[in-house]
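Keep the sequence and the coordinates at hand while reading.

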Amino acid sequence: MPKVPGQARGGAIIALLATLLTTPAAAQVIPTGSPAADILLSQAIAEHRVFLTCSALDPLTHRQILTNWQKDTAAAVAILTTHNVPPEAITAFTTAADPKALMPAEDTPWAEVKGLCDTHPDWQKTYYEFNLTILELKLPEVFP
């Protein structure tokens, strides 16, 4: 996997999350023309699947994470548009990054949700220490 400037972790989280809590609504990121951008987009989506899911029982924290994610995805769309990323790739990103696609379905067994959060017991510390992929900051670095 190529190195991405400022990447907090390797691709292990993406592989793990691909097998956990996948929903039919979860879409794939279509290549943007920049492999490093594709990695960043995918990593941010995977991280926010954990943050949004694991914060769901704390309404204040969840609302803050949701608000920040929506601002970051809007900034990412603007950056992708500025760099002439194909519209279908931008649409695929916004579909995959939609909070509804990142949250488990209502009928997901609690054990699966708890299992995801148990594999990331430090999710809250990670989030509040900004040890995550912030697209607004990292995405401009990967385009020429």
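Which side chains meet in a salt bridge with an N to O distance of 3.9 Å? They are those of E129 and K125. A salt bridge here is a side-chain nitrogen of Lys or Arg within 4 Å of a carboxyl oxygen of Asp or Glu. K125 is exposed, at 54% relative accessibility; the classes are buried for under 20% relative accessible area, exposed for over 50%, and partly exposed in between, computed with a 1.4 Å probe on protein chains only.

The model is a predicted one, in which local features need pLDDT of at least 70 and side-chain atom pairs count only at pLDDT 80 or more, while totals for chains, interfaces and linings use all residues. Residues are numbered from 1 along each chain as its sequence is written, and side-chain values use heavy atoms, with hydrogens and water left out.

Searching the whole structure gives two salt bridges. Besides the pair already named, D118 forms one with K114, with 2.8 Å between the closest N and O atoms. Side chains of opposite charge can pair when their charged atoms come close. Both D118 and K114 belong to helix α6 (residues 110–118), where they are four residues apart, or about one turn of the helix. D118 is partly exposed at 46% relative accessibility, and K114 is also partly exposed, at 39%.

The protein chain as a whole has eight helices and zero strands. Helices (H or I, at least four residues) and strands (E, at least two) are DSSP runs, numbered from the N terminus. Of its 144 residues, 42% count as buried. Among contacts with a separation of 6 or more, 82% are between residues 24 or more positions apart, a contact being heavy atoms within 4.5 Å.

Next comes the packing of the helices. Two packed helices are described by the angle between their axes and the distance between the axes. Axes are lines fitted to C-alpha atoms, for helices over the stretch in contact, and angles run from 0 to 180 degrees between N-to-C directions. Helix α2 (residues 35–54) packs on helix α3 (residues 59–82) at about 165 degrees, with 11 Å between the axes. That angle makes α2 roughly antiparallel to α3; the cut-offs are under 35 degrees for roughly parallel, over 145 for roughly antiparallel, 65 to 115 for roughly perpendicular, and oblique for the rest. On the α2 side the contact is made by L41, A44, I45, H48, F51 and L52, and on the α3 side by H62, I65, L66, W69 and L80. These residues divide into nine nonpolar, two polar and no charged, where Ala, Val, Leu, Ile, Met, Phe, Trp, Tyr, Cys and Pro count as nonpolar, Asp, Glu, Lys and Arg as charged, and the others, Gly among them, as polar.

Helix α3 also packs with α4, at an angle of about 170 degrees and with the axes 10 Å apart, so these two are roughly antiparallel as well. Here W69, T73, A76, V77, L80 and T81 of α3 meet I90, F93, T94 and A97 of α4. Seven of the residues in this contact are nonpolar, three are polar and none is charged.

Two single residues complete the walk. T61, in helix α3, is buried with a relative accessible area of 8%. Leaving out residues up to four places away in sequence, T61 touches S55, W123, Q124 and Y128. P86 sits in the loop between α3 and α4 (87–97) and is partly exposed at 28%. P86 and T32 are 54 residues apart in sequence, yet their C-alpha atoms are 6.8 Å apart in space.
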